[in-house]
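Hi,

Here is the model I promised to pass on to you. Have a look at it first, and my notes follow just below.

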Amino acid sequence: MHNQNNMSRAQVAVLYLVLTTSIASGIAIYSSASIITGLLKTATVDLFLPMLISLIVSFLLDPTVQFFEGKKINRTLSIFIVYFLVFALVFLLLLIIGPPNWKGMMQALQADFPRYVSGAIVYLSGLLATAQQHFPFITHYDIVERLSSVSQSFFGLILKETPRSAMRIGSLLLLVPLFSFFFLRDSRRIMRSLISLSPNRYFEMVLDIYANVSWQLAHFIRGRILEALIIGMVVWMGLSLTDIRYAPILAVVAGASNLIPYIGPIIGMIPGLVIALVDLGMGGQFWWILCVYFLIAQVIIDNFILIPILISKVSNLHPLWVILAIVMGGKLYGVLGMIIGVPIASIINIIIISIHQYRRSFNPYQRYFTSRGKLL
Amino acid sequence: MNPFWSNIFKNSGYEQTLAYFLGTMPMFKKLDKRELAFLENIVHVRNYEADETVFSEGDIGSGMYFIRSGQIQIFNMNEHGHETEQAILESGDFFGEIALTASRPRCASARATEPTILVGLFRSDMFEAVRRHPAPSAKIMLGLNRVISDRLLQCSIQLEELKKQLIHNRKQQTDA
């Protein structure tokens, strides 16, 4: 009981002062920190996408740069050579095939879009009606209303976003080659200086883990992009054999959605099937298109050929994580976030797995134990 | 002349560089200047304080070290925690080369006895170098191979001598 009276008035005053100042300074630090992070966020929000794409581009171009480097050309010059080759290739392709009329196609698609949606709605409601005939216990569900409202809002979004995304693409065309040039030239030096910051005790571990992660990442990114490209090409070729319109756009959609595992390919084939159904009807061509999407692109090319060759070396994500990544990515960055969410989750997965593997072999407490597990 | 003044102007800058230091190592003697510059770019320079552990026995090693300056003590620890000193290494020596080409556990611990600068050559960097620049990497690996073979030769000669001694001792014991 004496303890309570031990503090004099002055001590209480000092305690009070210290407490209030610490609380006040805490609030001040917190608010200034949030201001700083807010500033950082607004400053970097437009840099995220170009940085990501240039990282991917530099991963893709690195083997070719290495090839020229092996011919005793210095790195900067070999990067320029690779850039020149890539631009020449794109130019040649455009010259030979002729640019697909993207703009006209987009405009036509904008005009045709409501027709496709209404066609799909009609078909779906027909399906629903037959289902209700056979299974009367299905309560009347207003699918028509819901679908048309959703599709209208989606269409409005596309209309609104198109000019903005055109501007974005312009800035990307400028920033991505620049960034990826520096990534290609200096990434080794940057990573070396970052790694050398680690303390002596963990230096070897950090170096080994970095080597493992970067190897896996390079394979993963190269594999995924190549897979998407090949799937897009296959779908394009398959669709070109039919009378379907918008084959290039559908191929791009199929390739891009193929970046999302499990769910992506299914979503990617919906627009193609809807257009085929509305324009061509339920004929042989429709079944051929379904076959192209499903059997040829997904099962034969992707599952039997591409995945075993390109991606099997890298561990895959659990489907649950894939869905979580898609939902979270969609919340953060919209459709783009859905596409890049899964690769980013896989990257995090690769990092965690290789750290785990390393810790299993590199046990920091091992030196305190004998080989039989006895404490030294 | 005052040695304080004579030193500065005689030494060309090159002799102070990391590349020159690497060129003085036995395994890199046959590399030319360009290859030494390449080697300079794949090694890491690490600074250690006195009594700082470089690695411990049983750790999974990831590379070898050259001592640029300072002193390194190599020792083993037995089950009761007693240390047995194996060697004291000085500037220009190297250690840990067993872990360079495969991830093997360290067979002894290494500790700096004074402020030390080590130059580390690590497996991951070496593998990358082999992929990207096969010709100079092959020369580096050949040099390493030569040094390790020499060590192996020394070891087998010593082993042979020890065997002879053992047989000799046994004979004496049976005779007695």
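Let me begin with the cysteines: the count of disulfides over all chains comes to zero. Please keep in mind that this is a predicted model. The rule asks for a pair of cysteine sulfur atoms within 2.5 Å. As for individual cysteines, Cys107(B) counts as exposed because its relative accessibility is 55%, and Cys291(A), at 27%, counts as partly exposed.

Next, the sheet in chain B. Four strands make up an open, antiparallel sheet, and their order is 2-7-4-5. Strand 2 (53-55) and strand 5 (83-89) of chain B are at the edges with a single partner strand each, so one side of each has no neighbour in the sheet. From one strand to the next, the twist averages 30°. Strand 2 of chain B pairs with strand 7 (residues 109-112) of chain B over two bridges, in the antiparallel sense. There, Phe55(B) sits opposite Ala110(B) of strand 7.

By class, the lining of the largest cavity has seven nonpolar, one polar and three charged residues.

Best wishes

Methods:
Residues are numbered from 1 along each chain as its sequence is written. Chains are lettered from A and ligands numbered from 1 in the order in which they are written. This is a predicted model: local features need pLDDT of at least 70, side-chain atom pairs count only at pLDDT 80 or more; totals for chains, interfaces and linings use all residues. Side-chain values use heavy atoms; hydrogens and water are left out. Two strands pair if DSSP finds at least two bridges between them. Axes are lines fitted to C-alpha atoms, for helices over the stretch in contact, and angles run from 0 to 180 degrees between N-to-C directions. Buried means under 20% relative accessible area, exposed over 50%, partly exposed in between (1.4 Å probe, protein chains only). Ala, Val, Leu, Ile, Met, Phe, Trp, Tyr, Cys and Pro count as nonpolar, Asp, Glu, Lys and Arg as charged, and the others, Gly among them, as polar.
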